[in-house]
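The sequence and structure come before the details.

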Amino acid sequence: MHDQALQGEALRFDNSYARLSEALFQRQSPHPVRAPELLRLNRPLAETLGLDPDACSYAEWAEVFAGNRLLPGMEPLAMAYAGHQFGNFVPQLGDGRALLLGEVIGRDGQRRDLQLKGSGRTPFSRGGDGRAALGPVLREYIVSEAMHALGVPSTRALAAVRTGESVMRDRILPGGIVTRVARSHIRVGTFEYFAARRDQDSVRLLADHVIQRHYPDAVEGDNAYLELLRAVARAQAELVAQWLGVGFIHGVMNTDNVSLAGETIDYGPCAFLDAYHPDTVFSSIDQHGRYAFGNQPRIAQWNLARFAECLLPLIDGDEERAIARATEALEANADVLDVAWMGVMRAKLGLQQAEEGDKALVQDLLALMRDQAADYTLAFRGLAEAVGADGPEQAPALLEGFPEPQALTDWLLVWQRRLHAEAQPQASVQATMRARNPRYIPRNHRVEQAIAAAVDDGDLVPFHRLVDVVCDPYTERSAAEYCATPPADHERVTQTFCGT
Ligand code: AMP
Ligand code: MG
């Protein structure tokens with residue numbers, strides 16, 4: 001063993017959360033697993049963090065990323081949090097199967113949390129076993145890395161481990177552990193935990209920590225906590241706008257799954273749209289469509305209102321005044337979200353300047369897509385090929401996304417006129433559009449196939465292949481084309497299940 005690497009000299013830990021207050025967490029060591037096997041190590045991410053992937057063998061890394069061996073500087077703890085789950089407040093959730101190992105200052109100077117998910121029971125486990133099944137571990141790896149490659153803020157996956165142990169779910173399944181990397185793991189639910197207990201000291205401590213760590217500019221304004229609310233709201237708005245742009249459905253937008261750093265977090269029953277319809281729901285536990293694709297902006301605002309409630313006493317000693325100020329900030333954020341969304345959609349259409357009719361242009365296109373059940377990804381990618389075409393018949397690529405491209409004739413005219421007014425060279429518009437509209441997303445049926453191969457047959461090849469594809473989503477290449485096509489009828493995934 002190359003002890004230098006495992007002595008942690010390469011990793012610079014600075015555990016600011018562990019120093020904040022013992023009220024915020026429970027110290028807990030990972031429970032070792034029997035036969036850890038490293039399935040994948042994210043080499044570029046490891047290097048960013050300051051780890052040399054070749055400093056030791058996969059067997060040695062497996063010990064680290066299974067929690068069997070702690071590196072110097074790691075101070076494992078389970079974070080306390082609460083949350084509104086499907087609208088109902090649960091005063092205690094917390095890291096029931098996860099542990100924060102510490103914060104690493106990377107080679108880029110950035111501070112990031114290192115967390116094990118699936119590392120065994122903690123004081124927050126309630127009835128759970130504290131473990132994760134391999135399938136959800138692989139799904140989180142694939143989808144979070146895809147999101148990152150798509151330019152959507154997201155937690156990352158540093159490693160996936162098979163534990164060599166079984167977990168009991170609806171059947172016996174192989175166990176897994178994912179090492180998650182995040183700007184932080186502080187959630188709206190973290191604030192709710194202390195606010196519900198009227199522990200104002202902890203709420204203030206957390207708020208100051210989040211300001212210092214993620215939104216240092218908030219102290220410039222006349223009311224730092226109101227500025228914090230605005231900044232968190234803006235980050236959520238920009239995040240959800242990006243989800244809508246790539247067709248992502250989070251699936252469980254509970255307040256415990258809302259990161260204050262503005263990253264996508266907790267990949268449970270998440271999925272990407274194939275055919276476009278705003279009412280699309282995949283999660284088997286979302287029976288009323290609360291977290292449907294098109295409902296995500298509204299839910300983001302609802303979640304932010306729960307965050308605002310925690311901050312009220314900090315915003316103003318006078319409750320009515322605090323409510324008025326917070327309400328105003330959140331109402332303004334609805335517009336922020338709208339503007340962010342229009343920015344995303346405009347870029348997808350190759351447009352650079354904002355114009356009066358842009359929203360109608362986008363909405364008309366989406367209506368056409370909905371009516372035709374157009375494939376969301378292929379439809380936009382096809383449009384890039386239609387730049388400069390006089391009509392749908394001159395843009396055969398549109399056929400990939402739209403079953404009836406003829407129906408687009410009028411819309412294409414309006415869009416072409418709009419592009420024409422910007423007077424950008426056709427080739428550069430197309431290049432920009434190809435850089436904004438991915439060819440490859442982690443399509444649900446491909447994700448399920450990769451998971452099934454790993455879980456049922458121990459075959460990791462489809463998993464590795466899929467990660468490689470989705471980490472380079474914009475470059476067309478024949479080896480990746482199997483991910484471009486929507487599912488055949490027999491491949492269609494209609495439900496996805498929770499990460500447990
Ligand atoms: P999630 O589904 O990841 O949003 O988790 C919701 C809550 O359930 C969190 O408090 C988790 O820590 C807890 N939880 C989920 N799975 C398990 C498990 N296998 N053992 C213990 N706690 C769990
Ligand atoms: Mg969660």
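The sections below cover the basis of the values, the ring pairs and the charges over rings.

## Basis

This is a predicted model, in which local features need pLDDT of at least 70, side-chain atom pairs count only at pLDDT 80 or more, and totals for chains, interfaces and linings use all residues. Side-chain values use heavy atoms, without hydrogens and water, and residues are numbered from 1 along each chain as its sequence is written.

## Aromatic pairs

Rings of Phe, Tyr and Trp (its six-membered ring) pair if their centres lie within 6.5 Å; planes under 30 degrees apart count as stacked, over 60 as edge-to-face and the rest as tilted. By this rule there are 14 aromatic pairs. Tyr 193 and Phe 194 form an edge-to-face pair, because their ring centres are 4.8 Å apart and their planes stand at 70 degrees. Tyr 193 has a relative accessible area of 10% and is buried (under 20%; exposed is over 50% and partly exposed in between, with a 1.4 Å probe and protein chains only). Phe 194 is also buried, at 2%.

Tyr 276 and Phe 293 are edge-to-face as well, with centres 6.2 Å apart and planes at 90 degrees. Both lie in the loop between strand E13 (271-272) and helix H9 (296-315), so the pair ties together parts 17 residues apart in sequence. Helices (H or I, at least four residues) and strands (E, at least two) are DSSP runs, numbered from the N terminus. Tyr 276 is buried at 8% relative accessible area, and Phe 293 is buried at 4%.

Ring pairs also join Trp 243, Phe 248, Tyr 267 and Phe 272 in a cluster.

## Charges over rings

A charge sits over a ring if NZ of Lys or CZ of Arg is within 6 Å of the ring centre and within 35 degrees of the ring normal. The charged end of Arg 197 sits over the ring of Tyr 193, 3.6 Å from the ring centre. For Arg 306, the charged end sits over the ring of Trp 302, at 4.4 Å from its centre.

Notes:
Chains are lettered from A and ligands numbered from 1 in the order in which they are written.
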